[in-house]
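Please keep the sequence and the three-dimensional view at hand while reading.

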Amino acid sequence: MEQSKAKSLYIHIPFCQHICEYCDFVRVGYHQDLADRFLRRCEEDLSLRQGETFETIYIGGGTPSALSVKQLEIMLRMIKPFRAVECEFTMEANPENFSEDKIELCVEYGVNRISLGVQSVQSKLLNLIGRKHTLEDAENVITLLRKHGIDNISADGMYGLPTQNLDDFKETLTWMINQKLPHVSLYALTIEPNSAFERKHIKSVDNSLEGDFYQLAENMLSDAGYLHYEISNFCLPDKESRHNLTYWHYEDFVAIGPGASGKEGHRRYTVTKNIHRYLTEGIVFDEDIRLSTVDEMFEFVMMGLRLKKGIEKVRFSDRFGVTIEVVFKDAIVKNIEKGWLILSDTLIFPSDDGRLFLHDLLIDFMEI
Amino acid sequence: MNQKYIRNFSIIAHIDHGKSTLADRILEMTKTVDNREMMEQMLDTLDLERERGITIKLNAVQLKYTANDGHEYTFHLIDTPGHVDFTYEVSRSLAACEGAVLVVDASQGIEAQTLANVYLALDNNLEIIPVINKVDLPAADPIRVIEEIENVIGLEATNAPQISAKTGLNVEQVLEAIVARVPAPQGDPDAPLKALVFDSIYDSYRGVIAYVRIKEGSVKIGDKIRFMAANAFYEVVECGIRTPKEIKRNSLSCGEVGWIAASIKSVKDVHVGDTITSAQHGAIEPLPGYRTLNSMVFCGLYPIESNRYNDLRDALEKLQLNDASLKYEAETSQALGFGFRCGFLGLLHMDVVQERLEREYNLSLIATAPSVVYHAFMTDGSMISVDNPSLLPDVQKIHHMEEPFVKATIMVPTEYVGPVMELCQKKRGIYKEMIAVDAGRMHLHYLLPLGEIVYDFFDRLKSATRGYASYDYELDGYYESKLVKMDILLNSEVVDALSTIVHRDFAYARGKAITEKMRKLIPRQQFEIPIQAAINNKIIARSDIKALRKNVLAKCYGGDITRKKKLLEKQKEGKKRMKQVGSVEVPQEAFMAVLSMDED
C-alpha cells in the first residue's frame, strides 16, 4: 500500500436500529453477532495502520450509537492509539439510542465532537421518514453532552421532505439557533435508487421549493451569526468541521468499513459495499482508482468550490506546479463573465449565484 | 460453373417468424459456417440489426448443398429487409432470385407485411415455397395456417414443409424443395454482361463494393465496366462471393451472386437496381425495375456541435451508398444552423439512419420532427411541394393544400376491430371496407393521411391490439385537406425547426398537447421560458417552464468523490444531447414532441 500522509481517518459503522426511508448508505439492521464480527474485522484493518496518528477522526454510519455499550467501548479503545494530539474526534449519533453511559464512554476515549441526527423537530415528519426519536430525545442528548463537557455539537437537518412546508423548516431552524449549536448541516432530501422512498415512488420536491428552503436556511442562520461555509454546512465562528475540511481541501483521508471512500496519494478507493464480503474476504474494493493529474486537478476544484472561501490559489500551484488560472483558463474566464466566479489576489471562489448553480459551473471545468 | 446446378432464393417472413433462424440453420446444415464461427443470426451483420432483431440490410451468401439426387448444388441465399419501409430494396433483392421461401409462423399465420412481400415476389415471377415454422410450439396450428396460405395468397400449401428452424426439424425438406422447385437461372453466358446491383457497401480501402447478380454474360478482374443508370466507367479490381466470409475469385459467371470492387470512390455512381454492363460492346437495354426512390418522410438532421457539419456530410455520403433509399440535401435553419434535409422511406428507416450516424460515425444529432411532402396550391395557380413545414408560404398566398394519403391494410383479430377503428378515426382516417379473412381475423381498409401515421401509428396500433395487429400501406395519392402551419415559440422566438403542418380542426388540441409535452421535456434553465403554439401569428396555446432556482446538490456524501463526480458527468452527458436554440438548451426529444397527439 502506498505510504500515506493522511491526516484524517473515516470509519463507517454499517448498523442501525431502524432503517430510515431516505437512506442509501451502507447499512443493515443492528445485530449483535454481526456487529461483533464487524468490530474484529475493523481491528484487522486498523492494525495495518499501526504507528500512524490522525488529526481528525470521524466515526460515521449507519449509526455508531447503535452499537451496544460494550461494543462501543471495544471500538473506541481500538481507535485510541490513532489519535494525534489535538485530534478532532467526531462520532455520529442518533438521539434514539445515545444513552448517558455511551456518552460517558465517548468522553473517556476522547471523542470531542458529536454529530447528532436531529433532521426535524416535527414528529409527523420524523415518523414519515422512519425515524424513531422525538425532539425531546434530541434535547435530552444535548443536555447530557454538555453536562459531560462535549460542547462541540453538530445537528443534521433535512428539507424537502414529503409534506414539509417552509414553516415546518423554519421551526427546526429556530430550534437549532436557540440551542446555540455551534455547527449545523442541512441536507436536501434526495431520492436515491436504493432507498425505501424510491421504492415507494416518493418524488423530490419541486426545484423552486427546494430553492426556497435553501434560501430560508441561509437567511435565518446568517442572521443568527452562522457562517455558510460550505454548500450544506453552517457554523459559528471557528467551528468548522475540521474533518470535512479535509474533504473540501482535497487532502488525504483513510477509509475503513464497508462502502467507505478514501483518498491516499494518487489513489482513491471505495471499500466494498457488500457487508458479507467485507466480513469474509479481507480487503475488497468496489473501486480503486489511480488518479491522473487531470483527475486530481478537477477533483480539487470540484471539492474546493463548495467552500464559501473557495480555493486558495497558492494551494493549487504548490500542489500541481502550475497556476489554476492557466489550467482552467476558459472555464474561469467564462464564469467570471457570467458573474458566477470571483477572483482575488489569493482566492478563487463562487459568487452567491455561482454557488446556487455550482454544478453548471463545474461542468465547464470538466473540459480542460 | 454449370447454371443447371445453381439456385438463387430469398427468405420472406414477418418479423419474429424465424427468417434469420432458418437462414442460420441452413448455413449450418450446408457446413457453410462451421459451428465455431456460428454466431446466432449470422446474416444480420449490423449491430443495430442484431439488437433490434430486424433485418435492415441485404446480404448474400453462397452455399454448397449435395441433394438427394447426388448432385452438388450452389445456393445463393439473399437476405431481404423485413420491414414495410424497405419495399424497393426488397424488390431488388427479389429480382436477383428465381425463388423465395415463405416462412409463416405456425401459430400466428400470415401478417400484412408478409403479404406485401409475397406480392412483390410474385411480381418478380418467383417460385414461392411456403414453409410452416415453429411447429414445435404448443400453440402451433399448421392446418389452419396452410388453409390460410391457400385462401389468402392462393398458393398450394398442402405439402409445405412443417419445420422448426430452431431445432432443425425438417429443414432438410426445405433444401430439397429449393432444389426441386426453384428454377435454375436462365440467362445467356455468352451475351454481353448484365449484372443487377442489389446492394453496396463502402470499404475505406477498396471503395464501393457492389453486390450483384449476374443475369447475362460474365465478369472478370480487369474488365472495363459501366454502371448504366449512372453512366459511370470503372475497371474491375477484385470480385468474389461471400460464404458469408469474403472469398476472392477471378470471375463471376452467369447465374451467380457475388461482389465487385472497382476502386469506386464516388459513392454516387452506385445505385441499387442499376445494371452493370461491359464498357465496350455492352448491353443496350438495362435490366427492368430500376427507379429512383421517392422519399415518403423528411426531417432535418443537424449536428449538435456545429463544427461537425462536414463530418455529418461525409457520414451521410457513406451511408447513402449502403442505403440507396436515403436522400439528403443541405439546408439551413435559423435555430439549428447548418444541416441536411433528409428523405426516408419511413419512420423506422429514419430512426435507423439516425442511430447509425450516431453510432458508426460518432455524431450527436438533432432530428426535427418527420414531415411528409405537402402540396401548396398558390393563388397564382402554381403548386409548391413542401417537405419542410417552416418553408410553407404565407397563408394569404395559398389557395388550398393537399396532403398524401395511403391505402392502409390492417390485419387484426376480430375482438380488436373497435380499438383499431377508433385509432384510425383519431388519425383522420377514412373508412373504406372490412373483410373477414377467416373466423377470427379481419382486414380493415382505410385511407389515412401519411403525415398522421409516420410518427407513432404502428406503436399505437400494436398497443391497441396487444401486438396482434399488423399493417401495410401504399401511397394512394394527394387529396385536399384543411391544413395550417403551426409555429412554436420558445422564449417568444419562433423556432423554425419546430414548425409543423396540422389539420385546422385538430390545431387547438395539438397546440395544447405539444406545449405541454415540451414543458415536460425541456429541462428548467436559469430563467422562465414560455412555450407557445401559434397559427398565423395568433397564439393558441401556452405552457411555461419555470426558472431553475438552483443546481447544486446539498446532499450528505462527505468523502464520496466518485458520486459527486458521476453526478456531474451525467449532467455533462445530458448537456451534450442538447442544442442551444437562442438562449434555451433544448434536448433532442423535444424536437419530436411536436408530433404529440395527447398530453401523455
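Strands, like helices, are DSSP runs numbered from the N terminus, a strand having at least two residues. B:A232 lies in one of these, strand β10 (residues 232–235) of chain B. The model is predicted.

**Chain B as a whole**

- The secondary structure of chain B consists of 14 helices and 32 strands.
- Chain B has 600 residues, of which 60% count as buried.
- When contacts in chain B between residues at least 6 apart in sequence are considered, 69% of them join residues at least 24 apart.

- B:A232 counts as buried because its relative accessibility is 7%, and buried means under 20%.
- With neighbours within four places in sequence left aside, B:A232 is in contact with B:I225, B:R226, B:F227 and B:D269.
- B:A232 and B:A279 are separated by 47 residues in sequence, and their C-alpha atoms lie 9.2 Å apart in space.

**Helix α12 of chain B**

- Helix α12 of chain B covers residues 507–521, which makes 15 residues. From its first C-alpha to its last this helix reaches 21 Å, close to the 21 Å expected at 1.5 Å a residue.
- The buried residues in α12(B) include B:A507, B:R510, B:G511 and B:A513. B:I514, B:T515, B:E516 and B:M518 are also buried in this helix.
- Among the elements of chain B that cover the buried residues of α12(B) are the helices α10 (450–453) and α14 (588–592). The strands β26 (483–490), β28 (500–503), β29 (529–535) and β30 (538–545) of chain B are also included in this cover.

**The contact between chain B and chain A**

- Chain B contributes 28 residues to the contact, and chain A contributes 44 residues.
- The size of an interface is often expressed as the accessible area lost when the parts come together. Between them, chain B and chain A bury about 3,400 Å², with 58% of this area on carbon and sulfur atoms.
- B:R549, B:K550 and B:I561 provide 22% of the area that chain B buries against chain A, more than any other three residues.
- Nine salt bridges are counted between chain B and chain A. One of the salt bridges joins B:R549 to A:D212, with the closest N and O atoms 2.4 Å apart.
- On the side of chain B that touches chain A, ten residues are nonpolar, six are polar and twelve are charged.
- Between chain B and chain A, 23 residue pairs are in polar contact, both residues being at pLDDT 80 or more.

**Backbone features in loops**

- The peptide bond from A:G61 to A:G62 is cis, with omega near 25°. A:G62 is placed in the loop between β4 (54–61) and α2 (69–79) of chain A.
- A:H201 is not a glycine, yet its phi is positive, near 60°. The residue A:H201 sits in the loop between α7 (196–199) and α8 (207–223) of chain A. A:H201 is exposed, its relative accessible area being 61%.
- B:R428, which is not a glycine either, has a positive phi of about 65°. The loop that holds B:R428 runs between α9 (417–426) and β23 (430–438) of chain B. B:R428 counts as buried, at 14% relative accessibility.

Methods
Residues numbered from 1 in each chain as written. Chains lettered and ligands numbered in written order. Predicted model: local features only at pLDDT ≥ 70, side-chain atom pairs only at ≥ 80, totals over all residues. Heavy atoms only, no water. Contact = heavy atoms within 4.5 Å. Buried area = accessible area lost by both parts, 1.4 Å probe. Salt bridge = Lys/Arg side-chain N within 4 Å of Asp/Glu carboxyl O. Polar contact = N/O pair within 3.5 Å; in protein donor to acceptor, adjacent residues only side chain to side chain. Nonpolar A, V, L, I, M, F, W, Y, C, P; charged D, E, K, R; others polar. Helix = DSSP H or I, 4+ residues; strand = E, 2+ residues; numbered from the N terminus. Expected span 1.5 Å × (residues − 1). Buried < 20%, exposed > 50% of the residue type's maximum accessible area, 1.4 Å probe, protein only.
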